[in-house]
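I am opening a notebook on a structure that is new to me. I will look up a few things and write down what I find.

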Amino acid sequence: MIRPCFLVVDREFSGTISSRKLVIETAKFNVITAYSGAEALETLAKFPAVDGVVINSGLRDIPCTEVIARMKVQQPGLRVVVVESAGDGPCHGGDYAVDSFKPEDLLLVLRKMEPEKDEIIQEHEKELGD
């Protein structure tokens, strides 16, 4: 079974487990994590076959808007979900935006991005539950 893979760009310290990553993995999607804008750009260059990017709007090293613009130069068809946090500046260039406190909204968007793969995962999980 091929599972969607998302690059998650989180500003949390790399020694902690990202709640966003856990939410996405709970949906049986694969996650590659980066903890800064610079690391995200390097990671995308190494793993260009990701299905999309989930990026925090409040990155500390490079503005979110710039990271997205540079990613879309690397991967023109790349789809990006911006996770907006209160108090962060605007982050333009994403294809979708969700509130950081609503993990169900994030999952809904990711499932819409990869409906065929999500359906296969849901069917497989249903078979395992029987």
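Which cysteines form a disulfide, and how far apart are their sulfur atoms? I note at the start that this model is predicted.

**Entry: the disulfide.** I searched the whole structure and found one disulfide. Cysteine 64 pairs with cysteine 91, with 1.9 Å between the sulfur atoms. I looked up the angle about the S-S bond: it is -65 degrees, and the link is left-handed. The pair links distant parts of the chain, 27 residues apart. Cysteine 64 sits in helix H3, while cysteine 91 lies in the loop between E4 and strand E5 (96–99). Both cysteine 64 and cysteine 91 are buried.

Entry: Is cysteine 5 buried or exposed? Its relative accessibility is 17%. The cut-off for buried is under 20%, so cysteine 5 counts as buried.

**Entry: the cores.** I looked up the largest nonpolar core and found 20 residues in it. Leu7, Val9, Val53, Ile55 and Met71 have the most contacts inside this core. At least two of its residues come from each of strand E1 (5–9), helix H2 (37–46), strand E3 (52–56), helix H3 (64–74) and strand E4 (80–84). H3 gives the largest share, four residues. I then checked methionine 71, leaving aside neighbours within four places in sequence. Its contacts include Leu7, Val9, Leu44 and Leu78. There is also a second, separate core of 16 residues, with Val109 and Leu110 among them.

**Entry: helix H4.** In H4 (residues 103–113), I found Leu106, Leu107, Val109, Leu110 and Met113 buried. They lie on the same side of H4, because their arc around the axis is only 160 degrees.

Terms used:
Residues are numbered from 1 along each chain as its sequence is written. This is a predicted model: local features need pLDDT of at least 70, side-chain atom pairs count only at pLDDT 80 or more; totals for chains, interfaces and linings use all residues. Side-chain values use heavy atoms; hydrogens and water are left out. Buried means under 20% relative accessible area, exposed over 50%, partly exposed in between (1.4 Å probe, protein chains only). The arc is that of the directions from the helix axis to the C-beta atoms. A nonpolar core is a set of buried Ala, Val, Leu, Ile, Met, Phe, Trp, Tyr and Cys residues joined through side-chain atoms within 4.5 Å. Contact means heavy atoms within 4.5 Å. A disulfide is a pair of cysteine sulfur atoms within 2.5 Å.
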